[in-house]
Protein chains: 2
Amino acid sequence: MSEHVVVIGAVALGPKAACRYKRIRQDARVTLIDRDEIFSYGGCGIPYFVSGDVSEANQLRTTAFHMVRDEPFFNDIKGVEVLSSTEATKIDRENKQVHITNLKTGEKSVLDYDQLVIGTGATPRKLGLPGEELENVFYVGNMHDAEKIKEGITKGQYGKAVVVGAGFIGLEMAEAFSDMWGIETTVVEIFDQILPRMCSPVLAKMGQKHMEEEGVSFKLGQTVSRIEGDGKVERVITSDGEVEADIVIISAGVIPNDKLARECGLECSERGGIMVDETMRTTDPLIFSGGDCAIIKNAVDGSPLFLPMGSMANRQGRVIGGNLAGRKETFPAAAGSWCVKIFERAMSGTGMSLGAAKQAGFDAISVMLIMADRAHFYPEKDMMTLEMVVDKATRRVLGIQGISAGGDALVGRINAVAAIMKYQPTIEDVSNLEVAYSPPFASAMDVLNAIANMADNAINGMNHGHGPDIFAEYWDNRESGEYCFLDVREKADAEPFLEKYPEHWHNIPQGEIPKRYEELPKDKKLVLVCNTGGRSYEAQIMLDALGFEEVHNTQGGMAVIKAYGVDI
Amino acid sequence: MSEHVVVIGAVALGPKAACRYKRIRQDARVTLIDRDEIFSYGGCGIPYFVSGDVSEANQLRTTAFHMVRDEPFFNDIKGVEVLSSTEATKIDRENKQVHITNLKTGEKSVLDYDQLVIGTGATPRKLGLPGEELENVFYVGNMHDAEKIKEGITKGQYGKAVVVGAGFIGLEMAEAFSDMWGIETTVVEIFDQILPRMCSPVLAKMGQKHMEEEGVSFKLGQTVSRIEGDGKVERVITSDGEVEADIVIISAGVIPNDKLARECGLECSERGGIMVDETMRTTDPLIFSGGDCAIIKNAVDGSPLFLPMGSMANRQGRVIGGNLAGRKETFPAAAGSWCVKIFERAMSGTGMSLGAAKQAGFDAISVMLIMADRAHFYPEKDMMTLEMVVDKATRRVLGIQGISAGGDALVGRINAVAAIMKYQPTIEDVSNLEVAYSPPFASAMDVLNAIANMADNAINGMNHGHGPDIFAEYWDNRESGEYCFLDVREKADAEPFLEKYPEHWHNIPQGEIPKRYEELPKDKKLVLVCNTGGRSYEAQIMLDALGFEEVHNTQGGMAVIKAYGVDI
């Protein structure tokens with residue numbers, strides 16, 4: 001008799017594993033179970049369905065050639081049997097059986113399995129707020145939520161929206177509401193930055209500022225205490241006041257659905273999630289897991305990693321499909337790459353942010369660079385801001401994050417670093433990373449090479465400076481007399497600032513420093529500024545060599561100061 | 001006395017090495033020599049200056065902050081002494097001296113050095129053609145050539161152009177002439193494809209077809225025997241006829257300027273170029289070299305690699321600068337990444353093409369995939385064609401090349417593979433490569449992962465097929481009766497072909513194969529086709545399992561067939 005593989009969960013990992021296995025083993029029997037009647041969809045596309053970029057919900061569950069991935073599709077095209085509206089209630093490992101209930105008829109039955117895949121995914125984290133049950137309070141958990149949200153929007157029911165949580169989905173939903181439908185949108189976030197843990201507060205603020213310019217409001221560092229309204233939601237009460245709302249989206253992360261696994265004795269993480277090895281096997285070698293319900297390994301430091309992303313589910317699903325068929329495939333680790341479109345900008349990163357690296361015990365620093373994303377003389381280009389996180393002792397690159405209007409160019413750079421993360425790259429590896437060169441696509445010394453060079457200079461003590469956050473602190477304290485703000489650009493560039501701040505702003509173009517350095521005070525901190533940090537870095541080296549002891553280079557220069565929103 | 005470093009050649013590598021060294025060693029003396037009076041320019045930008053994208057020649061030699069990199073710039077800002085219009089005629093290693101001649105005054109003198117850098121670059125290969133000396137025959141070797149070409153163009157002197165050589169510069173110049181100035185342009189190439197050695201004939205043909213659609217003509221597999229005209233060029237005589245021309249650009253590759261090094265006994269390659277180790281030292285530890293005059297190491301197989309690109313020069317220059325100052329920096333190898341913009345498409349690659357891999361002794365195959373460069377349901381996207389070259393025995397990835405309208409997206413994918421080339425990646429490394437996922441930027445199973453999966457399936461024998469070149473052969477022989485062309489798309493897609501080719505075109509949608517396979521002949525080669533190769537691959541697996549012995553999947557499907565220009 002042919003082998004029977006049962007797959008629980010049919011959103012991303014499950015269908016991939018099932019179909020891959022079936023392609024290798026045409027004679028096998030594969031059963032795919034899902035609680036829902038809508039399955040095998042691209043959940044990450046929901047914000048684009050809400051925005052209208054994707055016009056029909058079904059587009060998220062069609063193939064590239066416009067076939068809906070429904071029961072007949074899996075049965076006829078893929079040779080995989082589907083049991084939808086069916087819940088797996090128990091895994092009996094001893095008898096190799098899955099207990100299932102048909103959610104429509106209530107009928108219970110038992111499926112024998114030879115091998116099993118648990119792809120139960122994750123569920124939006126409930127905040128347990130008073131008023132959560134009010135009409136028009138949504139989690140973005142599945143296609144049903146998505147269709148209800150979209151329906152209300154197209155009927156014009158919502159004038160004001162509150163999004164709780166400034167993670168990927170929160171920001172994408174805020175953009176969808178605000179950009180396409182003109183809904184007045186406020187994002188409430190418990191951390192004091194958007195994309196907490198993903199990037200530094202500095203990059204986060206740049207992203208936030210851009211979204212604010214596009215009309216989204218933020219309430220950061222605030223908790224939601226309750227949601228109020230008469231039947232329907234009317235307002236959200238936060239720790240710092242209240243916000244009117246006709247619709248509330250709660251996107252406060254997801255929790256892995258590991259109950260089935262836990263109850264049948266498979267090892268799970270204390271913090272949730274099914275433990276798997278690099279073959280994606282659980283502690284029972286006949287049972288595989290992956291995707292949003294599993295815990296994988298962090299390529300940076302080997303620690304457990306929960307990375308609920310459709311890409312992980314697809315790649316891991318393929319590995320499981322191969323291993324079900326007796327192949328020896330592995331998914332060793334992931335660096336935690338991410339990207340998100342926010343209006344006209346993209347943000348992206350891989351590995352650890354500075355905060356995450358410090359929390360993981362690294363003696364880490366970061367450097368920030370802003371530079372054209374292709375030859376500076378090429379007419380069509382965008383300025384890309386990158387921040388690289390490195391370990392001081394080992395010179396290892398722990399992560400890189402960035403923001404740019406040129407999304408593909410940014411994500412491409414991040415992907416190149418992500419690709420080498422598992423090899424534990426040092427600064428030199430990125431310094432020499434072979435970005436293909438032609439003026440329309442890169443600089444000869446590409447922005448990616450340049451930020452590694454900058455990290456090298458920072459670790460060697462050659463480039464000692466600060467980002468826009470510290471500059472802002474200095475600038476706010478300019479009346480203290482502790483600082484001399486030295487603009488090393490040509491006079492024409494410095495002129496507006498000299499006029500506006502005659503007492504605090506000084507100008508010596510970099511090339512004149514050897515002749516004019518005696519104009520500078522020796523008893524103040526010299527805070528150097530230029531357009532993007534290149535000339536101020538060279539000026540800093542000159543001034544160091546001339547015996548000035550307190551020279552501070554503003555990394556990223558006026559470009560970053562402006563993007564960060566310093567009041568100057 | 002402070003150390004004296006002499007740098008010969010001031011285009012890309014030289015200035016980088018000089019300035020980097022000077023930044024680390026503020027007290028050192030650095031002398032930068034160049035034969036020209038225009039130096040430190042971005043030579044790769046010349047086609048964009050010719051096209052008009054870059055309006056002023058000086059833009060190619062200004063910094064990002066609009067300073068011209070001339071003598072005063074290097075002297076005042078960089079602290080580097082420049083001797084322009086000065087030729088180094090001899091290196092006396094015993095006495096550590098460089099003999100120089102001032103090309104303006106004829107004055108000869110001698111410079112003592114403690115360490116020396118040879119950054120003499122490369123010179124366009126002369127073809128020695130009769131008529132090469134005619135007016136309006138140009139090599140694109142330096143800014144003087146560029147300015148002369150541009151001057152004639154802006155004066156409207158050229159109605160017809162011939163470009164000899166279909167490498168990067170040739171194609172870029174052809175685009176510049178044709179796109180921006182409406183000059184009737186013909187490219188003559190001795191090989192029978194554009195970008196010879198860089199990519200497969202199939203990808204090359206796709207690029208060529210696009211350029212033809214934009215108005216450029218090609219004469220491939222033809223040599224130029226002579227150039228004719230009365231004072232000025234009037235026509236180019238090729239092995240296959242003649243082409244009228246008011247201007248001829250000869251871009252037939254470059255030859256490393258290794259004469260100085262060779263004459264002073266430094267090891268050079270037989271085929272030209274100065275041998276360096278991974279610290280960029282020549283066989284004399286006091287003399288460094290890099291950039292277009294040096295031979296580095298190929299990351300794929302360790303063989304010598306001549307890679308004349310501005311990016312190489314810049315990165316190597318920085319390594320040299322550090323090592324001059326006593327640091328221990330390395331430039332271990334390069335994979336040979338490249339990218340080129342041709343009108344509305346980009347082409348890019350890294351590592352070896354299939355032809356190059358076979359020539360290097362690998363038992364290699366390639367697979368070709370066409371797929372959306374982001375989520376297929378996301379509205380703004382481009383179709384990306386990728387070809388991956390793998391070694392059958394070791395499953396190593398030897399190279400990847402591609403073409404797409406989405407240039408940044410394509411180059412980003414290529415860069416990610418380039419980043420891991422030095423780690424000798426296997427198919428699995430690319431299959432699991434962590435492309436950051438969000439629908440506006442990637443697919444959950446990204447095109448890059450998908451082509452690795454395809455290579456895996458091909459090597460395992462699961463996906464047995466052919467590209468559009470072989471399909472074209474089969475199709476041309478359709479009257480032979482050997483083939484059954486089976487379209488496995490839904491009937492509506494197949495209909496136009498069924499009508500046009502009722503005798504040769506057959507249609508069974510993939511999902512109906514289990515019921516209808518008996519309609520198919522068992523004695524013919526089944527040539528399977530769908531839109532992009534996904535369904536035909538699955539159909540092929542089904543038909544294999546049903547006992548058909550000659551099933552051939554058309555990789556890339558109709559999309560690639562069309563891009564390749566098959567007459568169907």
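# Briefing on a predicted two-chain model

Within strand 5 of chain B, Gln97(B) is the residue that Asp92(B) stands opposite. This pair belongs to a predicted model, in which strand 4 of chain B and strand 5 (residues 97-102) of chain B run antiparallel and are joined by six bridges.

**Chain A overall**

- Chain A contains 17 helices and 31 strands.
- The C-alpha trace of chain A spans about 90 × 55 × 45 Å along its principal axes.
- The radius of gyration of chain A is 27 Å, which agrees with the value near 24 Å that a compact globule of 568 residues would have.
- Of the 568 residues in chain A, 60% are buried.
- When contacts in chain A between residues at least 6 apart in sequence are considered, 64% of them join residues at least 24 apart.
- The UniProt record, an unreviewed entry, places the annotation "domain: Rhodanese" on residues 479-566 of chain A.

**Strand 26 of chain A and its partners**

- Strand 26 (residues 397-404) of chain A is mostly covered, with eight of its eight residues buried.
- Strand 23 (residues 345-351) of chain A pairs with strand 26 of chain A in the antiparallel sense over six bridges; in this pairing, Met347(A) stands opposite Ile403(A).
- Strand 25 (residues 383-391) of chain A also runs antiparallel to strand 26 of chain A, and seven bridges join the two; here Glu387(A) stands opposite Gln401(A).
- Strands 25 and 26 of chain A form a hairpin with five residues between them. Arg395(A), in the turn, has a positive phi of about 60°.

**Arg374(A)**

- Arg374(A) sits in the loop between strand 24 (364-372) and strand 25 of chain A.
- Although in a loop, Arg374(A) has a relative accessible area of 7% and is therefore buried, the cut-off being under 20%.
- Ser443(A) is 69 residues from Arg374(A) in sequence, yet the two are 4.7 Å apart in space, C-alpha to C-alpha.
- With its neighbours within four places in sequence left aside, Arg374(A) is in contact with residues including Glu380(A), Lys381(A), Ala409(A) and Ser443(A), and also with Asp408(B).

**Sheets of chain B**

- Five strands of chain B form an open sheet in the order 3-2-1-7-19, with parallel pairing. Its edge strands, each pairing on one side only, are strand 3 (81-83) and strand 19 (287-289) of chain B. From one strand to the next, the twist averages 20°.
- Inside this order, strand 1 (residues 4-8) and strand 2 (residues 29-33) of chain B pair in the parallel sense over five bridges, and Val6(B) stands opposite Thr31(B) in strand 2 of chain B.
- Helix 1 (residues 13-24) of chain B lies across strand 1, strand 2 and strand 7 (115-118) of chain B, and runs at about 170° to strand 2 of chain B.
- Three further strands of chain B form an open sheet in the order 4-5-6, with antiparallel pairing. Strand 4 (86-92) and strand 6 (108-112) of chain B are the edges, each pairing on one side only. Neighbouring strands of this sheet are turned against each other by 30° on average, direction ignored.

**Helices of chain B with a buried side**

- In helix 3 (residues 71-78) of chain B, the buried residues are Phe73(B), Phe74(B), Ile77(B) and Lys78(B). These residues cover an arc of only 100° around the axis, so they lie on the same side of helix 3 of chain B.
- The cover over the buried residues of helix 3 of chain B includes helix 16 (534-545) of chain A, together with helix 1, strand 2 and strand 3 of chain B.
- Helix 14 (residues 491-500) of chain B has Ala494(B), Phe497(B) and Leu498(B) as its buried residues. Viewed down the axis, the buried residues of helix 14 of chain B fall within an arc of 105° and therefore line one face of the helix. An α-helix has 3.6 residues a turn, so residues three or four places apart point the same way.
- On the other side of helix 14 of chain B, the exposed residues are Ala492(B), Glu499(B) and Lys500(B).
- Strand 28 (483-487), strand 29 (505-507) and helix 17 (557-564) of chain B are among the elements that cover the buried residues of helix 14 of chain B.

Note on methods. Residues are numbered from 1 along each chain as its sequence is written. Chains are lettered from A and ligands numbered from 1 in the order in which they are written. This is a predicted model: local features need pLDDT of at least 70, side-chain atom pairs count only at pLDDT 80 or more; totals for chains, interfaces and linings use all residues. Side-chain values use heavy atoms; hydrogens and water are left out. Buried means under 20% relative accessible area, exposed over 50%, partly exposed in between (1.4 Å probe, protein chains only). Helices (H or I, at least four residues) and strands (E, at least two) are DSSP runs, numbered from the N terminus. The arc is that of the directions from the helix axis to the C-beta atoms. Contact means heavy atoms within 4.5 Å. Two strands pair if DSSP finds at least two bridges between them. Axes are lines fitted to C-alpha atoms, for helices over the stretch in contact, and angles run from 0 to 180 degrees between N-to-C directions. UniProt positions are given in the numbering used here, feature names are shortened, and annotations may be inferred rather than shown by experiment. The radius of gyration is taken over C-alpha atoms; the globule rule is 2.2 Å times the number of residues to the power 0.38.
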